[in-house]
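Morning, everyone. I have one structure to show, and a few side-chain contacts to walk through. Let me put it on the screen.

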Amino acid sequence: MTQRKAIIPAGRHALYEKHGYSAAIQSKDLLFVSGQVGSLQNGSPEIGYEKQVELAFENLGNTLEAAGCTFEDIIDVTTFHTDPENQLDIMMKVKNNIFKEPPYPAWTAVGVNWLAGFDFEIKVIARLPSDNN
């Protein structure tokens with residue numbers, strides 16, 4: 001059986017316990033990060049799409065950091081958008097501030113009609129640095 005280790009960033013334990021899932025799971029040298037949204041500490045959505053995207057990336061960064069990773073360790077990204085036609089340019093602006101140069105991670109963007117009150121969600125797979133596994 002593969003060993004799994006739950007990764008939960010500081011200050012977010014109650015949110016994950018309430019909903020019964022982990023922010024991320026480490027399995028050997030891979031990190032599988034659950035969908036991160038632009039939620040405030042209390043779990044409510046940040047107001048405004050761009051701020052929601054920025055906070056989702058910040059929450060993602062905190063989860064990566066809790067596992068000993070950075071954005072540079074990400075190998076695959078999936079993003080979910082409630083209105084992709086009108087949101088993509090804003091999301092790309094935020095994304096380009098984080099992923100500034102090649103090689104870029106693999107990326108899939110999906111249009112959805114519901115994200116539990118949010119308008120953007122991002123989930124990733126990262127490879128842990130060799131000294132973390």
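I will take the aromatic rings, then the lysine over the rings, then the salt bridges.

One caution before the details: this is a predicted model.

Start with the rings. A search of the whole structure finds five aromatic pairs. I will show two of them, both involving Phe120.

Take Tyr49 and Phe120. Their ring centres are 6.5 Å apart, and their planes stand at 90°. Planes over 60 degrees apart count as edge-to-face, so that is what this pair is. Where do Tyr49 and Phe120 sit in the chain? Tyr49 is in helix 2, residues 49-67. Phe120 is in strand 6, residues 120-127. That puts them 71 residues apart, so the pair links distant parts of the chain. Buried or exposed? Both Tyr49 and Phe120 are buried.

Now Phe57, the other partner of Phe120 that I want to show. Here the rings are stacked. The centres are 6.0 Å apart, with 25° between the planes. Phe57 is in helix 2, and Phe120 is again in strand 6. The separation is 63 residues, another link between distant parts of the chain. Phe57 is buried too, like Phe120.

Step back from the pairs. Which residues form one aromatic cluster? Tyr49, Phe57, Phe71, Phe99, Trp107 and Phe120.

Trp107 brings me to a lysine. The charged end of Lys95 sits over the Trp107 ring, 5.2 Å from the ring centre. Lys95 also lies over the face of Tyr104, at 5.4 Å from that ring's centre.

Next, the salt bridges. How many does a search of the whole structure find? Two.

In one, Arg127 meets Asp29, with 2.6 Å from N to O. Arg127 lies in strand 6. Asp29 lies in the loop between strand 2 (24-27) and strand 3 (30-37). The two are 98 residues apart in sequence, so this bridge ties together separate parts of the chain. Arg127 is partly exposed, at 39% relative accessible area. Asp29 is partly exposed as well, at 27%.

In the other, Lys93 meets Glu50, with 2.9 Å from N to O. Lys93 is in helix 3, residues 84-98, and Glu50 is in helix 2, so the bridge ties together parts 43 residues apart in sequence. Lys93 is partly exposed, at 48%. Glu50 is also partly exposed, at 27%.

That is my tour. Questions, please.

Methods: Residues numbered from 1 in each chain as written. Predicted model: local features only at pLDDT ≥ 70, side-chain atom pairs only at ≥ 80, totals over all residues. Heavy atoms only, no water. Phe/Tyr/Trp six-rings, centres within 6.5 Å; stacked < 30°, edge-to-face > 60°. Helix = DSSP H or I, 4+ residues; strand = E, 2+ residues; numbered from the N terminus. Buried < 20%, exposed > 50% of the residue type's maximum accessible area, 1.4 Å probe, protein only. Lys NZ or Arg CZ within 6 Å of the ring centre and 35° of its normal. Salt bridge = Lys/Arg side-chain N within 4 Å of Asp/Glu carboxyl O.
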